[in-house]
Amino acid sequence: MREERKLNKVIKQDGIKTQSDILEDLKRRYPQYVEQTDKKQAPVRKRKFAFISAIVAVAVCIAVIVPCSVLLPNRNNGADNGGKNNIRYCTQGEYEKGSVQYTIGEYRARNNSFFLYFDWYEAGEDFNTYCYVSNVDGEVLCLEEQAYLPGNDEVVQLSITKSNVYLSEFDMPIAICENEHFIDNHMMKWGIKEANAFCIFEDGGYRYFIQIEQGQDENRLFELVAELLETK
Amino acid sequence: MNKTNRIKTCALLLLCLPFCGGWTSAPNNQTDDDRYVGVELIATYASSETISYVSKQVVEDITTANGTPRYFAVSGMQNGCGAVAGGIIVGFYDKYYGNLIPNWDSYYSTGRYKGQDGTYVQTLLFDLYNRMQTNVVAPGVSQDEFKNGLQSYVVDQGYNLQYTSLGTGNNFNYSTFKTAISNNEATVLFVQPSNLYSLQTVGGEDHLISSNLSGNHVMVAYGYYEVKYTLSNGTRTDKYLYVATGLSGSSTAFYKVGSYVDAAYKVTIN
């Protein structure tokens, strides 16, 4: 109400103005704003050019984005490709890690999965298998198996996630794997920290982490990756 | 608000910031009632530091015999870092006091520690979890709950346990710690959210990668590492503790000597 009274007072003081009078008045008071809206319309040729440009831009979008959005999911939606188009990052509060009574080999056979695994059940000892299950939807996020290989007196751990799944507890191993090496056209990254050797590589929609406890030799990592790839 | 007023307001806010409790960087003084909970290890790639050196000398690289076992919390052990740290200590000493984990050896004949067994270690961890009253009074454990729970377990297995303080705050007694490591004794650390480090040599440079513990945490220190760099413009010596983090993705890490600790205790079992 108070604002309205003020406005009426201003109108009375100024009297009735025409539209052009008001515009002139505004130009005088606020030149920086009024000038922007007071531009002359572009010539017909320029407007035509802008219109054609817009049409071309829309056509390019349709030509590039639509095929990509249709084709990429099809490429990644295979039965065992990990669904890379659907990135999922999980913090430790979002999943439970529990010991399971089956081995990764048994899980693979039972679920008709095609991920790589170490067939080390005769050569190794003391297998401990863990399964990471999402608290949100019950999805198996990671399978992990640890074995003691008495021939080399080493404890090796293999963790497998789908390529689209990132678990926060693997952030650090990912960060330290800064070196690159190629085996059978597979790029693997590796690193050694506090006497533990790590490597990471991807194949067929899955990401593989290998860790050798108290391991210092990257060549041993390369051997293990080659061994894993041979099981394809 | 015109430009001058905006600048004045910003300056005033900046001056006020140091007086706001939440913005101070100094660690809070901890009491025995502080709780230690399960934490997330957050890797901060951006803070990785490259150390370019002319030469490098590892001055000391000493750990307990075969380090420690690497145990971690499993499903049903929410805020279980105290139980895991206690379990690592029990697993470590089981090599020397065989009944600490009944019917099971925590090590192979070569001396190497076994991984986390799904039966025996899991039973041990849940036992400690309960003895430490984890999450009973409040989330996690206090220092006293940790100490009493671990001691109760060890005594029940027929052994004695003593804690020897290695300092608090910024007064961690590094030389006593080194002696403890020489004597093959493990140390438990109670820390606030702080940084853990990994050191990686890549192409003639060292990369120091830091990651952040998201909450108060209990972990086990089992060695020390000192490295001296000769740089193009001087020298630099870095000192770290080896720690068993109790976190499965990164079971070991470095903790900088001189970092703030709420408490550190050498644990002796006999």
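Author: In helix 5 (residues 174–182) of chain B, the buried residues are B:Phe177, B:Ala180 and B:Ile181. Buried denotes 20 or more other C-beta atoms within 10 Å of a residue's own, exposed 12 or fewer, and partly exposed in between, with C-beta atoms placed from the backbone. Helices (H or I, at least four residues) and strands (E, at least two) are DSSP runs, numbered from the N terminus. The model is predicted: local features need pLDDT of at least 70 and side-chain atom pairs count only at pLDDT 80 or more, while totals for chains, interfaces and linings use all residues. Residues are numbered from 1 along each chain as its sequence is written, and chains are lettered from A and ligands numbered from 1 in the order in which they are written.

Reader: Why do the buried residues of helix 5 of chain B line one face of the helix?

Author: An α-helix has 3.6 residues a turn, so residues three or four places apart point the same way. Seen down the axis of helix 5 of chain B, the buried residues fall within an arc of 100°, so they line one face; the arc is that of the directions from the helix axis to the C-beta atoms. On the other side, B:Ser175 and B:Ser182 are exposed.

Reader: What covers the buried residues of helix 5 of chain B?

Author: The cover includes strand 3 (55–63), strand 5 (186–191), strand 8 (217–231) and strand 11 (263–269) of chain B. Contact requires C-beta atoms, placed from the backbone, to lie within 7 Å.

Reader: Where is B:Leu125 placed, and which residues does B:Leu125 touch?

Author: B:Leu125 belongs to helix 3 (residues 120–131) of chain B and is buried, with 25 other C-beta atoms within 10 Å. Leaving aside residues up to four places away in sequence, B:Leu125 touches B:Tyr71, B:Met77, B:Ala83, B:Val84 and B:Gly87. A separation of 8.0 Å lies between the C-alpha atoms of B:Leu125 and B:Ala73, which are 52 residues apart along the chain.

Reader: How many bridges join strand 9 of chain A to strand 10 of chain A?

Author: Seven bridges join strand 9 (residues 196–203) to the antiparallel strand 10 (residues 206–212) of chain A. A:Asp203 stands opposite A:Tyr206 in strand 10 of chain A.

Terms used
Pairing = 2+ DSSP bridges. Contact = placed C-beta atoms within 7 Å.
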